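Hi,

Here is the structure I promised to pass on. Please open it and keep it beside this email as you read.

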Amino acid sequence: MDRKTAHACCFFDRIGAMTKILEISGLQYEYEKEQDILTLDNISFSVESGEWLAVVGQNGSGKSTMARLIDGLLEAKSGTVRIDGESLTSENVWDLRRKIGMVFQNPDNQFVGATVEDDVAFGLENQGIPRDEMLVRVEEALKQVNMLDFKTKEPARLSGGQKQRVAIAGVIAQRPEIIILDEATSMLDPTGRDEIMAVIHDIKKKYNLTVLSITHDLEEASQADRIMVLQKGELVQDTTPMKLFSEQENLIDFGLDLPFSSALAHDLRKRDFKLPSGYLTEDELVEVLLQNNLK
Ligand SMILES: Nc1ncnc2c1ncn2[C@@H]1O[C@H](COP(=O)(O)OP(=O)(O)OP(=O)(O)O)[C@@H](O)[C@H]1O
Ligand SMILES: [Mg+2]
């Protein structure tokens with residue numbers, strides 16, 4: 001395909017319903033040569049622009065390794081990673097990586113700036129963004145995560161949830177296409193977790209961001225459009241949270257816990273409570289129980 005045709009295709013893809021922002025094909029990885037079992041084996045999937053994909057799986061199933069391969073921090077043994085239509089190579093890794101923002105588990109390991117605003121500006125300075133634009137972007141990003149009042153504060157003095165919101169501000173200031181959250185809420189208390197989830201919902205909508213969230217928290221994963229399960233380096237499920245959580249035996253086979261609301265609904269059904277079939281979120285379950293009680 002010549003460049004002009006490729007550009008036209010891309011344009012029509014964008015104005016059409018969906019664009020594949022991420023396409024992974026036959027991805028294989030091993031940390032050491034000739035490992036008995038590959039760390040990742042033949043992983044293929046794609047993600048539409050604006051989609052929220054949750055990735056779950058037991059410890060050591062390969063989730064973080066997959067994230068590192070997508071961000072070009074590791075190089076695949078075989079297979080391809082295409083980001084926004086372009087195959088990731090050692091030549092274009094620095095350019096393509098700009099399309100991806102990563103937020104990691106430990107909020108304390110993600111700070112480089114002495115103040116919150118310096119920290120958010122850091123990635124922009126590295127990209128050579130002019131100062132005027134940088135100030136606008138930092139202000140906008142901090143406002144978006146509700147941390148503008150803290151801009152002159154030292155990151156060390158913030159709560160875990162506030163730190164993660166600043167880390168997210170640092171990512172969105174760089175205007176990525178995809179945000180990858182690798183256990184970004186796992187060290188937070190329930191309030192911090194809720195704050196982060198609210199921010200993710202907001203920024204996804206505002207910037208039409210594609211979200212890939214790796215998590216052990218199935219309640220959190222239930223908010224995604226789609227969910228994938230990794231098991232011992234293999235992709236064993238690619239479905240909707242609703243479907244996955246209504247198949248309890250499967251969850252147990254994959255070594256996953258039941259979401260709290262599923263376990264409770266299961267017990268209530270056993271006690272002859274009349275509940276709608278399928279997966280119910282905590283809020284939906286509370287709603288159904290309240291309605292039953294009021295009748
Ligand atoms: N730097 C490394 N060198 C060698 N082996 C590694 C390295 N990092 C991870 N591994 C191994 O690769 C496998 C996949 O690890 P990975 O960190 O991708 O799993 P994960 O699904 O993210 O687990 P967790 O839920 O605990 O974060 C594990 O067996 C792990 O021990
Ligand atoms: Mg991990």
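The shell around ligand 1 divides into 1 nonpolar, 8 polar and 1 charged residue. Keep in mind that this is a predicted model. Who is in that shell? Ligand 1 is surrounded by Y31, T39, G57, N59, G60, S61, G62, K63, S64 and T65.

Next, look at helix α5. It covers residues 131-144, so 14 residues by the DSSP run. From first C-alpha to last it reaches 20 Å, close to the 20 Å expected at 1.5 Å a residue.

Which residues of α5 are buried? They are R137, V138, A141 and L142. These four cover an arc of only 125° around the axis, which puts them on the same side of α5. An α-helix has 3.6 residues a turn, so residues three or four places apart point the same way. On the other side of α5, D132 and E133 are exposed. What covers the buried residues? The cover includes α4 (116-126) and α6 (160-172). After α5 comes N146, with a positive phi near 65°.

Now turn to strand β6, residues 100-103. Both of its faces are covered. I100 and M102 are buried on one side, and G101 and V103 are buried on the other. In a regular strand the side chains alternate between the two faces of the sheet.

β6 also has a partner. It runs parallel to strand β7 (residues 178-182), and 4 bridges join the two. In one of these, I100 is paired with I178 of β7.

Best wishes

Technical notes
Residues numbered from 1 in each chain as written. Chains lettered and ligands numbered in written order. Predicted model: local features only at pLDDT ≥ 70, side-chain atom pairs only at ≥ 80, totals over all residues. Near = placed C-beta within 6 Å. Nonpolar A, V, L, I, M, F, W, Y, C, P; charged D, E, K, R; others polar. Expected span 1.5 Å × (residues − 1). Buried ≥ 20, exposed ≤ 12 C-beta atoms within 10 Å, placed from the backbone. Arc of directions from axis to C-beta. Contact = placed C-beta atoms within 7 Å. Pairing = 2+ DSSP bridges.
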